Amino acid sequence: MLEVSDVRKEFGGLVAVDDVSFEIDDGEIVGLIGPNGAGKTTLFNTITRVLTPEEGSSIRFNGQDLLEVKTHEVAQLGLVRTFQIVRVFNEMTVLENAIAGATFGTTESIDRETARDRAMESLEFLGLAEHAEMDAGALPLAQKKQLEMARVLAADPNLIMLDEIASGLTPNEVAELSESIERIRDERGISVFWIEHIMDAIMGTVDRLLVLQSGELIADGTPEEIRDDDAVVEAYLGSAV
Ligand SMILES: Nc1ncnc2c1ncn2[C@@H]1O[C@H](COP(=O)(O)OP(=O)(O)OP(=O)(O)O)[C@@H](O)[C@H]1O
Ligand SMILES: [Mg+2]
């Protein structure tokens, strides 16, 4: 589904993403971990075309060359993301936020009613329907995060990319969010690519983990393989697991 080959991104003299290659298959949940400043968000930004990678990089999504498409077209192809900082539109209602997702995620011009139906359905799926008419700004953080997921879901994606969506949540809230992510894959068949620092959240949910350190991909394996990988433990996990 997603094929990333030799992706490189430099900022002046700094190599933020250093010739990274990997694939994500249909229906997979793949985690991306690594220390602060490892290049995780930069990698997301190059894949979603917020940033343009260096010459020689290749990113294909469902056979389409993403380097040939514009930023706003990426979502229309079925690849939709969240940002590291919560980006809910506080002055809009919960439903209006979800409608925004439904509207941006499509090339066809959908009518209001279809957008509203898709939005409402996503809110129901994530347990937010009863708050539909509330201002999104009034939601507690955990529900804002669920709303961010409802918004990407309303865009009818094939692959969603989540940048530290669990940060700032209590362990119980993290568990609920992980469950939502699993349901999105299991019941909707949507693939997930997920950056997270909270190991408990990600280890129990993902099929596979990628580890980035100083821009380099140092490991790609199942959670069990990653836990036993000496280089990863030394670089990042330490005594965390
Ligand atoms: N727009 C930019 N201009 C210059 N340097 C940047 C820019 N964005 C990121 N960097 C640098 O690139 C490196 C990778 O940053 P990035 O934000 O991708 O890391 P990260 O793995 O997402 O970290 P965190 O876990 O803290 O979110 C860092 O050294 C950062 O300072
Ligand atoms: Mg980041």
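Biologist: Why is Gln-84 called partly exposed?

Modeller: Gln-84 has a relative accessible area of 35%. Buried means under 20%, exposed over 50%, and partly exposed in between, with a 1.4 Å probe and protein chains only. So Gln-84 is partly exposed at 35%. This is a predicted model, where local features need pLDDT of at least 70, side-chain atom pairs count only at pLDDT 80 or more, and totals for chains, interfaces and linings use all residues. Residues are numbered from 1 along each chain as its sequence is written, chains are lettered from A and ligands numbered from 1 in the order in which they are written, and side-chain values use heavy atoms, without hydrogens and water.

Biologist: Why does Thr-41 count as partly exposed?

Modeller: Its relative accessibility is 25%. That lies between the 20% and 50% limits, so Thr-41 is partly exposed.

Biologist: Where in the chain do Thr-41 and Gln-84 sit?

Modeller: Thr-41 is in helix H1 (residues 40-47). Gln-84 is in the loop between strand S6 (79-81) and helix H3 (94-104). They are 43 residues apart. Helices (H or I, at least four residues) and strands (E, at least two) are DSSP runs, numbered from the N terminus.

Biologist: What makes Glu-121 and Arg-188 a salt bridge?

Modeller: Their side chains meet at 2.7 Å, N to O. The rule asks for a side-chain nitrogen of Lys or Arg within 4 Å of a carboxyl oxygen of Asp or Glu. The pair therefore passes at 2.7 Å.

Biologist: How much area do domain 1 and domain 2 bury between them?

Modeller: About 1500 Å², 64% of it on carbon and sulfur atoms. Buried area is the accessible area (1.4 Å probe) that two parts lose on being put together, summed over both. In domain 1, Gln-76, Ile-165 and Arg-188 lose the most, together 33% of what that side buries. The bounds, 1-78 + 158-241 for domain 1 and 90-156 for domain 2, come from an automatic or database domain assignment.

Biologist: Which residues touch the most other members of the largest nonpolar core?

Modeller: Ile-33, Leu-123, Leu-147 and Trp-194, out of 47 residues. Such a core is a set of buried Ala, Val, Leu, Ile, Met, Phe, Trp, Tyr and Cys residues joined through side-chain atoms within 4.5 Å. Helix H5 (residues 141-154) gives the largest share, six residues.
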